[in-house]
Amino acid sequence: MTSNEQRGLDQMGFKTEAELLREQLIAWRRDFHAHPELAFQERRSASIIADRLRELGYQVQMGIATTGVVGLLEGKRPGPVVMVRFDMDALPITEENESDYVSQNPGVMHACGHDGHMAIGLGIATLMARRRDEMAGTLKLVFQPAEEGANGAEAMVKEGVLENPRPDVFLATHVWNEKPIGTVDVSSGAIMAAAEKWTCTVRGKGGHGALPHQTVDPVVATAQIVTALQTVVSRNVSPLETAVVTVGTVHGGDAFNVIPPHVELSGTIRTYDPATRETVLRRVREVIEGVAAACGAAAELEIVSLTPAVINDAEVAEVVRAAAEAVVGPENVSSGERTMGSEDAAFFMQEVPGCYFFLGSANAERGLNAPHHNPRFDFDEDALVLGVAVLMHALAHYLL
Ligand SMILES: [Zn+2]
Ligand SMILES: [Zn+2]
């Protein structure tokens, strides 16, 4: 079947089939929601997923990057290996919702929608298992720990999740309260930023607050560094490119009448384009070290790369676009949703061409539109049905 045939109609009935799974999808999601688990502690979630995958006939591997689960379904005929990734971790947030599936784990909450991702993953597992005999190729379902800032994806890559078999195509989605339910956003190119964390110690020479001439004041040096850093994006990055340099912390001094010997600061750098990234990293270093030197101080800067940018492959994005159009109609499929947030799916996507797309999940009328990571976050569970249907259409393109 070509994309053109797929476009605009639910020819293979995936939407209907996903609809029939609705109660089950919601039950899975609410169970995960009520029992959220933090990064690398997703043991309950992982064992529920692994049990279900085994029942469906998948080959299951557990314990990858501590709690990661992989389910493999090999078709009867040769074909591509398609990997679909679902993240499992919750956040250290105390839930303020009053639903009957509210978090039972105090201080921990599925406030990003990863409970929904796991339910969608089990939905896909169920519908694809029914088609095993027709499948040409292999489905590799990857349930990943620790997406929220702990780079579970990188840990899974290090433990070989991209081998045996190596995926040819990568797919992932995120329920997205920035977009209304019934819409899907699919873009090619960069959609989420490369992220760096930087930390810096500005060293001067401490002394009496009344005798500054006998000191090298790291507070004054730091003030100038923070101001000068604002010129990196405004003066060194092309106005047509995108970048962020943020100073997140400044800590120095203990007493009003003492010039401290050093000040600690830290921040983050976000970029899409690799060349822009190189420019920004170089200029941040030059500015910090140069301004410190001009003040007679010294700066020790460490820049740590957290995640690469999420860059969608144009061809895979086209397949996902057609899949989304078949489910929600072309008028409800947009492109261009981008964020300077980061997402560790980038570790998979720098190795395997793929598409990461946004599944609209907000319903303002029902009050289901709090932002992600908010204690009142919740989403319209229609997104579970739509997510399964869109992914099934995309998988059908490669495997059926
Ligand atoms: Zn999140
Ligand atoms: Zn998330």
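**Zinc sites and nonpolar cores of the chain**

Cys 112 is buried, with a relative accessible area of 8% (buried means under 20%, exposed over 50% and partly exposed in between, with a 1.4 Å probe and protein chains only). The model is predicted, so local features need pLDDT of at least 70 and side-chain atom pairs pLDDT 80 or more, whereas totals for chains, interfaces and linings use all residues. Residues are numbered from 1 along each chain as its sequence is written, chains are lettered from A and ligands numbered from 1 in the order written, and side-chain values use heavy atoms, without hydrogens and water.

Donors here are N, O and S atoms within 2.8 Å of the metal (3.2 Å for Na, K and Ca); water is not among the atoms, so sites may look incomplete. Cys 112 lies in the loop between strand E3 (77-87) and helix H5 (114-129), and His 373 in the loop between strand E16 (354-362) and helix H11 (382-399), so the pair ties together parts that are 261 residues apart in sequence. Helices (H or I, at least four residues) and strands (E, at least two) are DSSP runs, numbered from the N terminus. In contrast to the buried Cys 112, His 373 is partly exposed, at a relative accessible area of 37%.

The zinc ion (ligand 2) is coordinated by Cys 112 (SG), His 114 (NE2) and His 174 (NE2), at 2.1 to 2.3 Å. These donor residues are spaced C-x1-H-x59-H in sequence. His 114 in helix H5 and His 174 in strand E5 (residues 169-180) form a pair that links distant parts of the chain, 60 residues apart. His 114 is buried, with a relative accessible area of 0%, and His 174 is likewise buried, at 4%.

The largest nonpolar core has 70 residues, and those with the most contacts inside it are Tyr 58, Ile 124, Met 128, Leu 139, Leu 141 and Leu 171. Such a core is a set of buried Ala, Val, Leu, Ile, Met, Phe, Trp, Tyr and Cys residues joined through side-chain atoms within 4.5 Å. Helix H11 contributes the largest share of this core, 14 residues. A second, separate core of 24 residues includes Ala 228, Val 237, Ala 292 and Leu 301. Neighbours within four places in sequence aside, Leu 171 is in contact (heavy atoms within 4.5 Å) with residues including Val 82, Val 84, Val 316, Cys 355 and Leu 391.

Asp 382 also lies in helix H11. At 28% relative accessibility, Asp 382 is partly exposed, and apart from residues up to four places away in sequence it touches Arg 22 and Ile 181. Between Asp 382 and Cys 200 the separation is 182 residues in sequence and 46 Å in space, C-alpha to C-alpha.

For the chain as a whole, 11 helices and 16 strands are found. Its C-alpha atoms fill a box of roughly 80 × 45 × 45 Å along the principal axes. Of its 400 residues, 54% count as buried. Among contacts between residues at least 6 apart in sequence, 80% join residues at least 24 apart.
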